[in-house]
Amino acid sequence: MSDAPASRAGLVVPSLVALVALVAFIGLGTWQVQRKAWKGGLIDTLERRLAAEPAALPPREQWANLDAADDEFRRVKFLATFIPGAEALVYASASALRSDVSGQGYWIFAPARTPSGALVVVNRGFVPDGRQDPATRAAGEIVGPIQMIGAMRWPEPRGTFSPADEPGRNLWFVRDQMAIAAAKGWGQGPGQEQGEVAPFFVELEAPEPPGGLPHPGALKVNLRNEHLQYAITWYGLAVVVVVMFAFWLGSGRQPKPTPMS
């Protein structure tokens, strides 16, 4: 009789451990299923937006109503003129959306003025390390208005490990056109409206400048969606917990042999 309560007490801790593990693995598996659905929707949205024909750039009076959720990665076309001698270097080593970009280099961010006077910051494209000085790519300096095609992007959030920007060296480590514009005074001169810089920047895909640098390019969706595999792994571990606990429970409750008299 005295062994029964002790036996039940000995099951409490292992049972709790197994239950916590089971709940955790099932929860992680379910989260991965949800992530799979979210990632699939994101990929579908990006593919549709990047495959659509470019539309006219929204006018300045509509900028306040734009947001990343509804408008990021939409292709646009517009006429604008790059402001001479104004550009910023944003460090880059690779791009998840530009398979044609590899190795260390820089994105060239430059302000462009539309015929209406609006100021749009354009990511003109990639230059490899060693070509960051505009003098090394003088052929790519475009004078006068040009028709541009690209995709609207919103400022990139600063990561925990992102280095501090170095405005004194004209060097940034996050693609945040608002921070760049504020540091360089774009859109803040005499006769310019405060906050006239567009809340988005444009990833230029065309035209290609003379000499090929900066190198623009179309964005391509290249996001991996492996959440189903992760979900199967977590659910599989949940099954293992159940099987192992059942095996342990069964082996621990086997009747002890009766001593021979």
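Reader: Hi! Which elements does the protein chain have, and in what order do they run?

Author: Hello! Keep in mind that this is a predicted model. The protein chain has four helices and eight strands. Starting at the N terminus, the order is α-β-α-β-β-β-β-β-β-α-β-α.

Reader: And how much of the chain is buried?

Author: Of its 261 residues, 34% count as buried. The accessible surface is about 15,100 Å², with 61% of that belonging to carbon and sulfur atoms.

Reader: What about contacts between residues at least 6 apart in sequence?

Author: Among those, 66% join residues at least 24 apart.

Reader: On to charges. How many salt bridges does a search of the whole structure find?

Author: There are 14 salt bridges. One of them joins the side chains of Arg60 and Glu196, at 3.3 Å from N to O. Arg60 sits in the loop between strand 1 and helix 2, while Glu196 is in the loop between helix 3 and strand 8, 136 residues apart.

Reader: Is Glu196 buried or exposed?

Author: Glu196 is buried, at a relative accessible area of 5%. Arg60 is partly exposed, at 26%.

Reader: Which other residue forms a salt bridge with Glu196?

Author: Arg113 does, with the closest N and O atoms 2.9 Å apart. Arg113 belongs to strand 4, so this pair ties together parts that are 83 residues apart in sequence. Arg113 itself is partly exposed, with a relative accessible area of 22%.

Reader: Nice. Which residues are linked in a network of salt bridges?

Author: Glu72, Arg153, Glu156, Arg175 and Glu203 are linked that way. Glu156 is in the loop between strand 6 and strand 7, and Arg175 is in the loop between strand 7 and helix 3. Arg175 is buried at 19% relative accessible area, whereas Glu156 is partly exposed at 31%.

Reader: Changing topic: I'm curious about Arg49. Where is it found?

Author: Arg49 is in helix 1, which covers residues 3–51. This residue is buried yet has no salt bridge.

Reader: Why no salt bridge for Arg49?

Author: The nearest side chain of opposite charge, Asp70, is 5.0 Å away, and a salt bridge has to be within 4 Å.

Definitions and conventions
Residues are numbered from 1 along each chain as its sequence is written. This is a predicted model: local features need pLDDT of at least 70, side-chain atom pairs count only at pLDDT 80 or more; totals for chains, interfaces and linings use all residues. Side-chain values use heavy atoms; hydrogens and water are left out. Helices (H or I, at least four residues) and strands (E, at least two) are DSSP runs, numbered from the N terminus. Buried means under 20% relative accessible area, exposed over 50%, partly exposed in between (1.4 Å probe, protein chains only). Lys and Arg count as positive and Asp and Glu as negative; His and the chain ends are not counted. Contact means heavy atoms within 4.5 Å. Accessible areas come from the Shrake-Rupley method with a 1.4 Å probe; for residues, only the protein chains shown count as cover.
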